[in-house]
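Biologist: Before I rely on the terms used for this protein, I should like to hear the reasoning behind them. Please take me through it step by step.

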Amino acid sequence: MIRVVVADDQALIRAGFRSLIDSEPDLEVVGEAGTGREVIDVVRATRPDVVLMDIRMPDGDGLWATEQIAGDPALASVHVVIVTTFELDEYVARALKAGASGFLVKDTEPVDLLRAVRVAVAGEALLSPGVTKRLLEQLSAGHAPVDAGRLAVLTEREREVLRLVGRGLNNQEIGSELFLSPLTAKTHVSRIMTKLDARDRVQLVVTAYETGLVP
């Protein structure tokens, strides 16, 4: 069972998300919060698998709360998916760099919201259409590579895999590109995440662009 916390300052939104999530046999809502500080308390008390996090909330917004969750080693297994009405570039970049595993806007189809929850738990990430392209353009547009030396811990094969992750390929596509089985590709991705201390694939994508590995 995948355990979910819903954080939004509007009770009606929380109720809608709860109804949708609880209708699925493999998902359940274990807590709700209406402020940034409240969601931190709820997450620490319930230890969910996923937090659906609004950005604009009182008493500590969703970006601040995401940073607090991602920065707490005791909450390393908690995945945050940002769900907001605000699809602004600076929010996307901050959220993903803070440790969010996905970024959706509130007009996302219900099936995509449910998929985002399941995908986050699997260590993947789901972004709303258009968000990925604009995020990567922002990261790569005229910026010098950031701390490319952090890739020194990777083998040449792992760099190849990270480059393909940065291009948005999944494990099966990476395997086809490098003549590996999907399981071997997945193993390489897991090792890269461990070496780079990345919470999920979306942080690998950001790293691939920031270090100049993907031009």
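Biologist: What is the average pLDDT of the protein, and where is confidence lowest and highest?

Modeller: The average is 86, and 86% of the residues score at least 70. Confidence is lowest in helix α6 (residues 131–140), with a mean of 59, and highest in strand β1 (residues 2–7), at 98. Where pLDDT is low, the predicted coordinates should not be read in detail.

Biologist: Why is D54 called buried?

Modeller: A residue is buried when its relative accessible area is under 20%. D54 has 4% relative accessibility, and therefore it counts as buried. D54 lies in the loop between β3 (50–53) and α3 (62–70). Leaving aside neighbours within four places in sequence, D54 is in contact with A7, D8, D9, G62, V83, T84 and K106.

Biologist: What does UniProt list for D54?

Modeller: The unreviewed UniProt entry lists D54 under "modified residue: 4-aspartylphosphate". Such an annotation may be inferred rather than shown by experiment.

Biologist: What makes β3 a strand with both faces covered?

Modeller: V50 and L52 on one side are buried, and so are V51 and M53 on the other.

Biologist: How do you know that β3 pairs with β1 and with β4?

Modeller: Pairing requires at least two bridges between the strands. V4 stands opposite V50 in β3. Four bridges also link β3 with strand β4 (residues 79–84), again in the parallel sense. Here M53 stands opposite I82 in β4.

Biologist: What is the handedness of the β-α-β unit made by β3, α3 and β4?

Modeller: The unit is right-handed. The term applies because, with the strands pointing away from the viewer, the path from the first strand over the helix to the second runs clockwise.

Biologist: Why does E158 count as buried?

Modeller: E158 has 5% relative accessibility, and the cut-off is under 20%, so E158 counts as buried. Its place is in helix α7 (residues 156–166). Not counting residues up to four places away in sequence, E158 touches V153, H188, R191, I192 and K195.

Biologist: How many of the 215 residues in the protein are buried, as a percentage?

Modeller: Buried residues make up 49% of the 215.

Notes:
Residues numbered from 1 in each chain as written. Predicted model: local features only at pLDDT ≥ 70, side-chain atom pairs only at ≥ 80, totals over all residues. Heavy atoms only, no water. pLDDT = per-residue confidence, 0-100. Helix = DSSP H or I, 4+ residues; strand = E, 2+ residues; numbered from the N terminus. Buried < 20%, exposed > 50% of the residue type's maximum accessible area, 1.4 Å probe, protein only. Contact = heavy atoms within 4.5 Å.
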